[in-house]
Amino acid sequence: MNRKTPWLIGAVIAVALTLTGCGSGSGPESGAQGAPAGTAASGSHDPEATIEIGSLYEPQNLDNTAGGGQGVTEAFNGNVYEGLFRLTDEGKVENLLAESQEVSPDGLTYTFKLRQGVTFHSGAPLTSADVKYSIEKVTADDSQSARKSSFDVIKSIETPDDATVVVKLSDKSISFVYNLSYVWIINHAAKDLATSEDGTGPYKLGAWKRGSTLSLDRFDGYWGTKPANKGVVFHYFTEATALNNALLTNAVDIVTSEQSPDALAQFQGNDDYKITNGKSTTKLLLAFNDRVKPFNDRLVRKAVSSAIDDKKLLDSIWAGYGTLIGSMVPPSDPWYEDLTSVNPYDVNLAKQQLAQAGYPDGFSFTLDTPSYDPHPTAATFIKSELAKVGINVTINVITADEWYTKVYKNRDFTATLQEHVNDRDVVWYGNPDFYWGYDNPDVAKWVKDAERSDTVEQQTELLKKVNRQIADDAASDWLYLYPQIVVAASNLSGYPVNGLNSQFYAYGIKKS
Amino acid sequence: MTAYLLRRTAFLLVSLVLAGALLFLLLRLLPGDPANSLLSVGATPEQIAAARRQIGSDQPLLAQFTSWAGDMASLDLGESFVGKVPVGPEIAARLVVTVPLTLLSFLLAVLLAVPVGYVAARRADRWYGTLLGGLSQLGIAVPAFWIGMLLITVFALNLRLFPAGGFPRDDWADPADALTSLALPVATIALVMSASLIRYVRSATLDVLDSDYLRTFRALGSSFPRAMWRHGLRNAAVPVVSILGIELATTFLGAVVVESVFALPGLGSMLVKGIEEHDYPVIQGILVVSTFAVLMIGFAADLVQRLIDPRLRGGSS
């Protein structure tokens, strides 16, 4: 439940983005065929090995525009389906099924040339009609894709010949190409996509035994580099303990995302396992309602940020894993800067700022706290920290549904806790209508201009300015960045360690 | 007997219809519209209306019930909202795990409980009789998931004798493989179940041991084993069989917890997921199937009881 909810919120927030027509992203960067970042290079490996992968996220169905969820992204993205572009495990965008693209000088027309000799698993060749079909599947009325609204700028999609796709936009959008990395290219003639597939990826679907396993088999007709293994089997668990037991008994080789910090001790200091601490994009926020007293005062927000020892909180929840962040931007975003010193942990500074803001004796407020981990723990910690500077916190525990209605829709809150999962999501601070109500016309303009940038450098520079400004204003208190922990058997290498946006490229995994 | 069978069957059918109607109503009483599961966040009113039309939640309750009952009568359990696949075959696939799990656990529990319960009663005055009785009391207090975790720690993580969870991808293609996967879950359920069964067997046996007819039969010169076999066993079996029926039904439903501990793709884990996803056809389908199973078990238990006990047959034949 606690992983499903942030996903939902991610979707919610992605929808909200388009209210201002803002998105963000970077243009493609040239790069070699992207091999996932492995932890170690292996000497000899068995190319006929099957990799057993343990995960907590079983797909709901196999169609990512029909509510397939986080699980289908993990299993299929880049493995079974490919996009015109790929977001690598390091967060770079590179060409995949698009061989080249050209942008018109006004930035409104994109012409993509498709890679030749690509076939779907059914044997049909990849053509421009498939690309048009696939993009329109995401933007369709009944599409449940969280990315749907990022494509509101699309005016038309034309297919002058089999190898060319021309997309016209209504406004400049530098993240258009980045957004395309989420569009799976599907054979336009494919049927029953909820239970079967027809993609171009290095694996084809073997069998899906609901509630248990999903297997992917190497696709012999693949256009690119062959996978380093014969196939992979995703084993699905509903309980973190059962998943860890499977790893301990060699029933699975690797766990895509460890969610139970307590269990890590079993693998630490054990030569049979490797623990990697990758980059995550999930941030835990103490989000103030910047519209209402006392948090409409930037000094109060800064004081609260400085009064909480984020490091101690992170240590108590994740025991040494995870990262401290000084603003909304995680290190994997191109416009990251270390801003942890802007609002340092300093109780005396906090007291000063409170006095300056006219609250020398503190104040009281209610913290709306989602009922699932880690929010209640964090709330209790914050309550005790703020008590030291005279602020009295009342913890109000609410369900995910209540959060959505009370906080997100009705903005009926003073402060709340929430995890925000997506990458490149600093742009939300450019939307004054967003639930946290941060309203700075400069920031809104920078965010808008960033999306309309001509170059990535320009976009990066503008979003860095946004980043510094929101940190200086303590628009929210960014408590910490979650860890992204992968635990694997030591004979495994070449697996993705960052798992950005839940994807898990399996084709580079080697077993020796 | 025929008349009884007819009466009992009619009763079974009425129970099924009533249970079905109750299930249908209870699910409709839950807050929220099942159409929500078809929608993305921020759906327009038109999209909501379309989704409601698609799954029929815009119809009056009675119309919904008639159409649902019609589908049930033709054994059509509908299509999952979330998974977009028919529910019936999916349940059948899960029963491949849950039915053997239930039956094997039941069998093992009976094999454990009958001798232990008998000894606990026969030797109630000895220290081990008391100990067995006491242990069974303790067993009732221990939750199944705890026993499951204990067995995993000992037999899977430390001794590496059995897998810690999961079920073969090819189901029963290799029966030895499948049985190995079920060993610990079966032991878990059987241990928990036998604890309460032992108590019933023990008290039923104590009643028989105290009975006048047994003493009379012994006084007529019959040996104790013969007396027990001819008269004691049958009499003791009557209450135990009716309890067995209830216990079997409980095991079937209790598999939910154990399946989750052992990551088994059975009916229980399907139900939990269906509830999490507000997938009404899945929840309804599972509840209908399990209700049917429970009623059938009760039916069978009643029949067996009448076969054992001629006194019950007397009136109607």
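Residues are numbered from 1 along each chain as its sequence is written, while chains are lettered from A and ligands numbered from 1 in the order in which they are written. Because the model is predicted, local features need pLDDT of at least 70 and side-chain atom pairs count only at pLDDT 80 or more, totals for chains, interfaces and linings use all residues, and side-chain values use heavy atoms, with hydrogens and water left out.

**Confidence.** The predictor gives the complex an ipTM of 0.83 and a pTM of 0.82.

**Salt bridges.** A salt bridge is a side-chain nitrogen of Lys or Arg within 4 Å of a carboxyl oxygen of Asp or Glu. Over all chains, 24 are found.

Select A:Glu48 and A:Arg218 first. Their closest N and O atoms are 2.9 Å apart in a salt bridge. A:Glu48 sits in the loop between helix H1 (4-17) and strand S1 (50-55), and A:Arg218 in strand S9 (residues 213-218), 170 residues apart. Helices (H or I, at least four residues) and strands (E, at least two) are DSSP runs, numbered from the N terminus. A:Arg218 is buried at 18% relative accessibility, and A:Glu48 is partly exposed at 43%; buried means under 20% relative accessible area, exposed over 50%, partly exposed in between (1.4 Å probe, protein chains only).

Next, select A:Lys172 and A:Asp454, a salt bridge with closest N and O atoms 2.6 Å apart. The two residues are 282 apart in the chain, A:Lys172 in the loop between S7 (164-169) and H4 (176-180), A:Asp454 in the loop between H11 (441-451) and H12 (456-472). A:Asp454 is exposed, at 55%.

Then go to A:Asp472 and A:Lys302, with 3.6 Å between the closest N and O atoms of their salt bridge. A:Asp472 lies in helix H12 and A:Lys302 in helix H6 (residues 298-307), so the pair ties together parts 170 residues apart in sequence.

**Helix pair.** In chain B, select H10 (residues 267-276) and H11 (residues 280-308), whose axes are 8 Å apart at an angle of about 145°. Axes are lines fitted to C-alpha atoms, for helices over the stretch in contact, and angles run from 0 to 180 degrees between N-to-C directions.
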